[in-house]
Amino acid sequence: MLRTFLIPCSVLLVCCLLAGCGSQPPMTDENESTFKFNVAEGDSGYTLSAQQLYDALKTSDVQAAGGYVPDTVIQSFLDSMISDTLLGFEANTIDLRHYYEDNWTYRLRYTDALLQEYLVYRVYDRVKVDSSEVLDFYQKRADLFHVPEQVELSHILIVPSGLKNGRDSLYYRKLSKDEFEQEMRDYAFNLYEMLCLGEPFANVAYRYSHDDATRDKSGYQGWTVRNTYLAPFDSVAFSTKPGEFSKPYRDKDGWHILYINDYLPEGEPPISRPEVYQSALATLRTIKSNDTGRVLMDSLHAQTKLEANDKILDTNIYKVDDSVWAGIVNQKDTFDCKYLKNLEEGYRQKYKVKNTTPDMKRQMLNTLAERFMLLQAAEAAGLDTIPRIKQELAGIRHTTARSIMERNLYDAAWVPTTAAVDKYYAEHQSQFIVAKPLTVQQIVCSDSLFAEFLRDQADAGVDFLDLAQKYYPGESSVRVQLADMGAIGPNDVDSAFYLTALGTPVGDISRPVKTKYGYQIIKVLKHEDSRGLEQARGEIQTTLANMHRQEKARQFRESLIQKYHIRFPGKIKSVHLKPYLDRTKKK
């Protein structure tokens with residue numbers, strides 16, 4: 001996640017002066033190699049080149065639609081990269097031994113990573129499986145690979161909220177129910193026409209689909225069986241051939257267009273399919289690896305000596321301090337009672353006891369000893385010195401140290417004073433006092449009976465603004481505009497009108513109320529209550545606490561800029577990016 005990183009104005013001024021006043025073309029894929037200058041430099045040999053900044057921008061989700069990146073976004077992105085690096089420098093100075101919980105978690109993750117590498121090295125990589133064995137295994141155990149009928153698909157979804165909350169929301173919101181439905185249909189078929197003209201399905205889905213769950217994956221839905229989605233999904237999906245897309249269809253959620261990537265009938269899929277072969281290969285390798293692993297574990301067990309702390313065996317382990325030692329493996333690695341506590345509840349449930357017995361604790365100790373037995377074997381094999389693994393282990397330590405440092409940037413228990421909360425409320429009353437709390441629509445009628453008739457029609461499901469378009473007095477061109485009043489306050493309408501609207505639940509339509517205009521029925525769309533100081537106090541406390549944390553973080557980061565003497569010898573004035581899908585596409 002990118003972090004906002006503030007730079008003092010004086011530093012920004014120096015940056016601008018150093019950049020010079022000469023013209024500079026936008027940085028693009030075509031000319032990026034010509035930008036041969038650093039945008040940031042500092043102590044310890046730290047540099048950040050213009051090309052590194054540009055490469056980071058390309059792989060981010062900045063300016064997803066493509067085009068020119070605003071200067072403020074470039075600057076914010078640069079600040080974030082520098083911030084992340086400097087925080088990393090500072091994290092390397094932290095001694096984890098001073099933080100028990102963090103160090104314990106670090107050791108746990110360190111061990112997990114090294115054990116994974118060791119099992120791959122000593123077991124999985126040493127298991128050999130040839131293609132004839134895979135074919136023989138598949139033929140004998142084809143039942144393991146039985147699948148129901150299914151399709152692999154991507155889709156485009158168009159829903160009402162996607163249009164009404166989009167950039168043309170004002171246009172869509174003023175349409176009648178039937179007009180809006182027609183617009184939705186036209187929108188879906190316009191996308192269908194784009195597909196027919198050759199636009200890649202992935203591009204259309206990424207840019208236009210309203211499905212938040214799949215849009216960023218270019219509409220990819222995955223494998224789906226029958227009876228998963230609403231009709232007519234099955235009839236459309238299972239009748240569309242792989243490599244083809246469907247015509248748009250409507251269900252109660254919205255309009256859909258499906259693209260079928262692949263199809264599997266019910267039964268055992270043929271081993272000739274690459275994914276089926278790989279699944280059979282992985283399954284067979286797992287079986288053989290388990291056999292090899294058992295032999296390895298038996299060998300290591302024969303060489304392992306566990307010394308247990310007998311004093312804790314007959315106690316309630318939860319009453320023992322985490323750091324008390326529980327066992328020593330081969331007189332080398334000591335593990336503490338925190339490890340036992342992680343297993344305790346599972347053993348209590350397994351054996352249905354309120355407290356584990358000494359024998360049960362010995363079982364747990366033996367289980368834990370296996371971890372350290374394998375850890376020692378991994379270190380004896382030198383796996384922790386292999387550059388790739390060494391870098392991964394260093395990354396685990398670095399992440400742990402970063403979390404400690406960021407946690408210590410501010411006092412987590414800090415709360416604002418009562419006076420500070422009162423002052424914030426007084427200076428920001430517009431956030432809490434709603435001058436126009438009601439959002440309403442209304443229809444004026446000449447008599448109460450006709451008003452009741454219109455109210456009944458609306459309650460029966462007729463769109464309120466459709467009724468206004470048909471029955472509101474005056475010119476038809478302005479009827480909907482007059483009926484849709486928007487947000488109102490007590491000074492905007494008659495008191496009788498306002499009090500009636502105030503007492504009508506959101507989404508409901510009032511009984512006719514007599515005003516100087518006649519009889520009016522009111523539909524309440526929204527009701528926002530004002531909040532007094534006491535009602536807003538909790539929210540203000542949270543806001544001020546966040547502001548306090550941000551200020552502490554800003555001060556710390558500015559101190560790091562000074563500590564590492566960060567300089568800005570050059571500046572990228574303009575960047576033009578391709579659309580996100582194009583610039584991240586694998587070549």
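1. Let's start with a pair of charged residues. R388 and E117 form a salt bridge, and their closest N and O atoms are 3.0 Å apart. R388 sits in helix 14 (residues 387-407) and E117 in helix 4 (residues 100-122), so this pair ties together parts that are 271 residues apart in sequence. A salt bridge here means a side-chain nitrogen of Lys or Arg within 4 Å of a carboxyl oxygen of Asp or Glu. Helices (H or I, at least four residues) and strands (E, at least two) are DSSP runs, numbered from the N terminus. E117 counts as buried, at 16% relative accessibility. Buried stands for under 20% relative accessible area, exposed for over 50%, and partly exposed for what lies in between (1.4 Å probe, protein chains only).

2. Before going on, please keep the origin of the model in mind. This is a predicted model, in which local features need pLDDT of at least 70 and side-chain atom pairs count only at pLDDT 80 or more, while totals for chains, interfaces and linings use all residues. Residues are numbered from 1 along each chain as its sequence is written, and side-chain values use heavy atoms, leaving out hydrogens and water.

3. Now the chain as a whole. It has 21 helices and 15 strands. The radius of gyration is 34 Å, well over the 25 Å that the globule rule gives for 587 residues, so the chain is more spread out than a compact globule. This radius is taken over C-alpha atoms, and the globule rule is 2.2 Å times the number of residues to the power 0.38. Along the principal axes, the C-alpha atoms fill a box of roughly 100 × 70 × 70 Å. Buried residues make up 40% of the 587 residues.

4. How many salt bridges are there by this rule? The count comes to 37. One of them joins E41 and R567, with the closest N and O atoms 3.9 Å apart. This pair links distant parts of the chain, 526 residues apart: E41 is in strand 1 (residues 38-41), and R567 is in the loop between helix 20 (533-563) and strand 15 (575-577). E41 is partly exposed, at 23% relative accessible area, and R567 is partly exposed too, at 39%.

5. Another pair to look up is E133 and K288, a salt bridge whose closest N and O atoms are 3.1 Å apart. E133 lies in helix 5 (residues 131-140) and K288 in helix 11 (residues 274-301), so the pair ties together parts 155 residues apart in sequence. Both ends are partly exposed: E133 at 30% relative accessibility and K288 at 25%. Elsewhere, salt bridges that share partners join D29, E32, D55, K58 and K578 into one network.

6. Finally, have a look at D234 in helix 10 (residues 233-237). A polar atom of the D234 side chain lies 2.9 Å from the backbone nitrogen of N227. Leaving aside residues up to four places away in sequence, D234 touches R226, N227 and S239, where contact means heavy atoms within 4.5 Å.

Technical notes: Polar contact = N/O pair within 3.5 Å; in protein donor to acceptor, adjacent residues only side chain to side chain.
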